[in-house]
Amino acid sequence: MGRGRVQLRRIENKIRRQVTFSKRRTGLVKKVQEISVLCDADVALIVFSPKGKLFEYSAGSRLRQVVGSS
């Protein structure tokens, strides 16, 4: 038996919203890592929290060259 469909709407409770953000951000980073390894793809992920904090992830030889050349 599968999970029910999640209704997409803003979570009003601040604590629940932050917990959901953290869990989904972790899951998103995991998926980005997987696609990078499985498909040998160069990937970059940039996420800003509701408070403006930056979370980033990058993988791939071309991305390292671009970032390292600055």
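The structure is a predicted model in which local features need pLDDT of at least 70 and side-chain atom pairs count only at pLDDT 80 or more, whereas totals for chains, interfaces and linings use all residues. Residues are numbered from 1 along each chain as its sequence is written, and side-chain values use heavy atoms, with hydrogens and water left out.

The protein chain contains 2 helices and 2 strands, taken as DSSP runs numbered from the N terminus (helices, H or I, at least four residues; strands, E, at least two). Read from the N terminus, the order of elements is α-β-β-α. Of its 70 residues, 16% are buried, where buried denotes under 20% relative accessible area, exposed over 50%, and partly exposed in between (1.4 Å probe, protein chains only). The chain exposes about 6600 Å², of which carbon and sulfur atoms supply 56%; accessible areas come from the Shrake-Rupley method with a 1.4 Å probe, and for residues only the protein chains shown count as cover. Among contacts (heavy atoms within 4.5 Å) with a separation of 6 or more, 20% join residues 24 or more positions apart.

In soluble globular proteins, nonpolar side chains tend to be buried together. The largest nonpolar core of the model consists of 6 residues, F21, V32, V43, L45, V47 and A59. Such a core is a set of buried Ala, Val, Leu, Ile, Met, Phe, Trp, Tyr and Cys residues joined through side-chain atoms within 4.5 Å. Helix α1 and strand β1 (43-48) each supply at least two residues of this core, and β1 gives the most, with 3 residues.

The core residue L45 is placed in strand β1 and is buried, with a relative accessible area of 14%. Neighbours within four places in sequence aside, L45 contacts L28, V29, V32, F55, E56 and Y57. The C-alpha atoms of L45 and Q33 are 9.9 Å apart, at a sequence distance of 12 residues. S36 belongs to helix α1, which spans residues 14-39. This serine is also buried, with a relative accessible area of 11%. With residues up to four places away in sequence not counted, S36 touches A41, V43 and A59; V43 and A59 are members of the largest nonpolar core.

The loop between α1 and β1 holds D40, which is exposed at a relative accessible area of 70%. Most residues other than glycine have a negative phi. D40, although not a glycine, has a positive phi of about 50°.

Pockets were located on a 1 Å grid over the protein atoms alone, a pocket being an open set of points where a 1.4 Å probe fits, with protein on both sides within 12 Å along at least five of seven lines; lining residues have an atom within 4 Å of a point. Grid points are joined across faces, edges and corners, and a volume is the space filled by probe spheres set on the points. The largest pocket has a volume of about 310 Å³ and is lined by V6, Q7, L8, R9, R10, I11, E12, R16, R17, T20 and R24. Its lining comprises 3 nonpolar, 2 polar and 6 charged residues, with Ala, Val, Leu, Ile, Met, Phe, Trp, Tyr, Cys and Pro counted as nonpolar, Asp, Glu, Lys and Arg as charged, and the others, Gly among them, as polar. The second largest pocket has a volume of about 190 Å³. K14, R17, Q18, F21, S49, P50 and K51 form its lining, which has 2 nonpolar, 2 polar and 3 charged residues.
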